[in-house]
Amino acid sequence: MCFSLFFFFKTSSPLKPPSQMAGQKAEAKKSTNSNNVPLFSSKVTDLDVKLDNEIVYEFGGPLGVVGMMLGFPSLMYYFWICLEHHQGKLIVPAVWSVEGIKSFFWNDIYAAVIDGARPTVYAAKIYMGYIVFSFILASIMPGPVVNGLPIPSLKGKRLPYLCNGLAAWYFTLPFSAFLHVTGIFRLTDIIDNFGHIMTIAIMWGFTLTTLVFIASHIQGTNHRMSGNLFYDFFMGASLNPRVGVVDLKMWAEIRVPWPILFYISVSCALKQYETRGYITAPAAFMVLAHFLYVNACQKGEECIPTSWDMFYEKDGFMLVFWNMAGVPFTYCYASIYLMKFEETTGIAITHSLPYTVGLFVALVSAYYIFDTGNSQKNRFRMEQNGSYIARNAFPQLPYGHIKNPNYIKTAHGNLLLTDGWWGVVRKPHYTADLVMALSWGLITGFGSFLPYFYVCFFLVVLTHRVSRDMERCAKKYGKDWDRYCERVPYIFVPYVF
């Protein structure tokens, strides 16, 4: 991707969604859609603008975000070393002294990184090749155009999003199989060069964050700036950076991390197949788990434009780095642990049939709630937005779209869904997500903490995100939010929490 393109980011796009083509007059006359869901008002209130511009230091403020920007990459290297050289055991200095710590750093950490995780040309070709490939597909593949939510900083304007993730995904799958079978690019090279590729991803995460940050300043598209360089770099400057028809935030969130995560698990499974001649149930489990996740993201991409990340979060280090490097190279620990344990001991991790079947059932059941829960809320939101489209992407699960849903209409004008899974708890998709994350660890057994890092980290992230959401909704909806909380009193688990 040509770096100069980043200086032509736009907060709007020439794309014209079907709703615009139909004419604004016809659209204005509608007050409800065919599912009896009232449409959003395009008018942005003073409260919307106030909340959108409100600056609240999170994550410990400037000092906290500097710690995270330095700590995240360091932790990734440390965990990789534990997996690569110590069967997933967390290592510490043999002697807690100045000399012992220095020896630990230079001999155990630095030497391992230089040997197995230094940036290489081949690793750059693999990772950046996929980045460019993914971006090209996002630019040229066909797909529906969906409007986002009214953006307060753009006076209620709805930005159009080209949702061609599904077409890109189903082009990528056979194309990657072709590359592997023909030997042009063996997918096992991913895991063989994992440390090197991870370093390239870390470098790219910092690079892209910097490019977007600089471009935003040059174009004058900064939004909700605190005035502290470190904090604004972490949270981001631009809300909707774009290159042509590609919204960089949605591309980074959907097209990059989850496919890479999937192919890391595929690489591990193929490596096992080359060694043993078959793939064990735990390795197959991880491939299925990551396929379900990435496929859900692609098939439901049209729901993303109305999500919180697109509407509110800026495109800074928090989103860019974590999508480019953090997600694919830390959420894969279960797959890597399974492979490294077998390489080191010569014994593949397996479990009893009831335990294995139970985990497969738990994964698929949780996925069902995750998929349909996200579909219910996002399609409800799209119906309010006037951007709902029916799609038949695989798999379309029953109960993913609620007919004539129950809701609370707020004085603000927005609707709070109280039907389907959302009438049981306030965050059903988070609960299902956590169950899936836990199953990724359980399939590896209990020999290492690292396969459970994802679920532990995710629990912290979701708890923080829920607290942000609850606080913001309380400010925005007032007494209507109290009424909603009375109707749906539990957040994650009915009658528990």
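This is a predicted model: local features need pLDDT of at least 70, side-chain atom pairs count only at pLDDT 80 or more; totals for chains, interfaces and linings use all residues.
Arg242 sits in strand S3, which covers residues 242-243.

Next come two helices. H4 (residues 61-86) and H15 (residues 317-330) pack with their axes 11 Å apart, at an angle of about 10°. Angles under 35 degrees count as roughly parallel, and H4 and H15 are therefore roughly parallel to each other. On the H4 side, Met69, Phe72, Pro73 and Met76 make the contact, while H15 brings in Phe317, Phe321, Trp322, Ala325, Gly326, Phe329 and Thr330. Sorted by class, that contact of H4 with H15 has 9 nonpolar residues and 2 polar ones, with no charged residues.

Then there is the nonpolar interior. In soluble globular proteins, nonpolar side chains tend to be buried together. Here, the largest nonpolar core holds 133 residues, and the ones touching the most other members are Tyr127, Phe194, Trp251, Met324, Phe329, Tyr331 and Trp440. H4 gives the most to this core, with 11 residues. Leaving aside neighbours within four places in sequence, Phe194 is in contact with Trp80, Ile264, Phe329, Cys332 and Ile336.

Finally, a few spots in the backbone deserve a look. Most residues other than glycine have a negative phi, and most peptide bonds are trans. The peptide bond from Phe394 to Pro395, however, is cis, with omega near -15°. Pro395 itself is in the loop between helix H17 (353-385) and strand S5 (407-409).

Gln87 has a positive phi, near 55°. Gln87 lies in the loop that runs between H4 and helix H5 (98-116), and it is partly exposed, with a relative accessible area of 24%. Tyr495 has a positive phi too, near 65°. Tyr495 is found in the segment after helix H20 (479-487). With a relative accessible area of 72%, Tyr495 is exposed.

Definitions and conventions:
Residues are numbered from 1 along each chain as its sequence is written. Side-chain values use heavy atoms; hydrogens and water are left out. Helices (H or I, at least four residues) and strands (E, at least two) are DSSP runs, numbered from the N terminus. Axes are lines fitted to C-alpha atoms, for helices over the stretch in contact, and angles run from 0 to 180 degrees between N-to-C directions. Angles under 35 degrees count as roughly parallel, over 145 as roughly antiparallel, 65 to 115 as roughly perpendicular and the rest as oblique. Contact means heavy atoms within 4.5 Å. Ala, Val, Leu, Ile, Met, Phe, Trp, Tyr, Cys and Pro count as nonpolar, Asp, Glu, Lys and Arg as charged, and the others, Gly among them, as polar. A nonpolar core is a set of buried Ala, Val, Leu, Ile, Met, Phe, Trp, Tyr and Cys residues joined through side-chain atoms within 4.5 Å. Buried means under 20% relative accessible area, exposed over 50%, partly exposed in between (1.4 Å probe, protein chains only).
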